[in-house]
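Subject: Structure handover

Hello,

Here is the structure you are taking over. Please keep it open while you read, as the notes below follow it element by element.

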Amino acid sequence: MQLLKKAISDRVETSDELLDIIVSNFEILDLKKGDFFLRSGALCDKMAFIESGYLRMFDIVDGKEITLWIAGSGNFITSLSSFVFQTTNFWNIQAVTDSRLSVISRTDHLKLCKEQQKWLEFDNYLLAYSFSLLEKKMFSQLHTTAKERLENLLEQQPELFLNVPHQYIASMMGIAPESLSRLRKNITDSIS
């Protein structure tokens, strides 16, 4: 759980002793490729930190899978509204690769928020960061071309293309898989 400790200590100043207390509330969960962390329609009572591997959030609309987000090592993942407000979850969260997660229950999370000011501070950071990601994604969908979104993704997360099926990446970008292939070819051709 060293990666989890680093993720926390990079955002809030805390002691090693407090980090040990915080991470003692997490349990390791190994998922095989294709396993679900959460299914839509359920109540979300856990949050995960991805130690290794990739997970995707998706829904099925008119028989078609629509990927909202793909997260890799070093990221937290949950159905935020369901986790916070205890409403029905909209999303499926599934392992795209074999993955190792550090998981905290909602009960332990809330207990930590009450007992440890630094965890509450970190939780506030996570909420703000989640909102920021959503805001950036919405802005990007409205104000950038598919080519610009792809160039940005290739620059920021090149490893995604080595580990995640391209149809999921295309769906997350809001384009057809064929368009993703064509755009990648055009970008590659323009570089060479």
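Two strands count as paired if DSSP finds at least two bridges between them. Helices (H or I, at least four residues) and strands (E, at least two) are DSSP runs, numbered from the N terminus. This is a predicted model, in which local features need pLDDT of at least 70 and side-chain atom pairs count only at pLDDT 80 or more, while totals for chains, interfaces and linings use all residues. Residues are numbered from 1 along each chain as its sequence is written, and side-chain values use heavy atoms, with hydrogens and water left out.

Strands of a sheet pair through backbone hydrogen bonds, either parallel or antiparallel. Here an open sheet of 4 strands has the order S1-S8-S3-S6, and the pairing is antiparallel. Strand S1 (27–31) and strand S6 (76–77) are the edge strands, each pairing on one side only.

Going through the sheet in that order, S1 and S8 are joined by 5 bridges, and leucine 31 is opposite serine 99 in S8. Between S3 and S8 there are 6 bridges, again antiparallel; methionine 47 has isoleucine 104 in S8 as its bridge partner. Strand S3 (residues 46–52) then pairs with S6 over 2 bridges, where phenylalanine 49 is partnered by phenylalanine 76.

How enclosed is S8 by the rest of the structure? Of its 7 residues, 5 are buried, so S8 is largely enclosed. Buried means under 20% relative accessible area, exposed means over 50%, and partly exposed lies in between (1.4 Å probe, protein chains only).

Helices across the sheet

Helix H1 (residues 2–9) lies across S3, S6 and strand S8 (99–105), and runs at about 110° to S3. Helix H4 (residues 106–115) lies across S3 and S8, at about 60° to S8. For these angles, axes are lines fitted to C-alpha atoms, for helices over the stretch in contact, and angles run from 0 to 180 degrees between N-to-C directions.

Lysine 5 belongs to helix H1. Is lysine 5 buried or exposed? Its relative accessible area is 19%, so lysine 5 is buried. Leaving out residues up to four places away in sequence, lysine 5 touches Leu19, Asp20 and Val23; contact means heavy atoms within 4.5 Å.

Strand S4 (residues 54–61) pairs with strand S5 (residues 64–72) in the antiparallel sense over 8 bridges, and valine 61 is opposite lysine 64 in S5. The hairpin of S4 and S5 has 2 residues between the strands, and aspartate 62 takes a positive phi near 50° there. S4 also runs antiparallel to strand S7 (residues 92–95), with 4 bridges joining them. Leucine 55 has alanine 95 in S7 as its bridge partner.

Packing of H6 and H8

Two packed helices are described by the angle between their axes and the distance between the axes. For helix H6 (residues 146–156) and helix H8 (residues 166–173), the angle is about 125° and the axes are 11 Å apart. That angle makes H6 oblique to H8; angles under 35 degrees count as roughly parallel, over 145 as roughly antiparallel, 65 to 115 as roughly perpendicular and the rest as oblique.

In this contact, Ala146, Arg149, Leu150 and Leu153 of H6 meet Ile169, Met172 and Met173 of H8. The contact residues divide into 6 nonpolar, no polar and 1 charged. Ala, Val, Leu, Ile, Met, Phe, Trp, Tyr, Cys and Pro count as nonpolar, Asp, Glu, Lys and Arg as charged, and the others, Gly among them, as polar.

Regards
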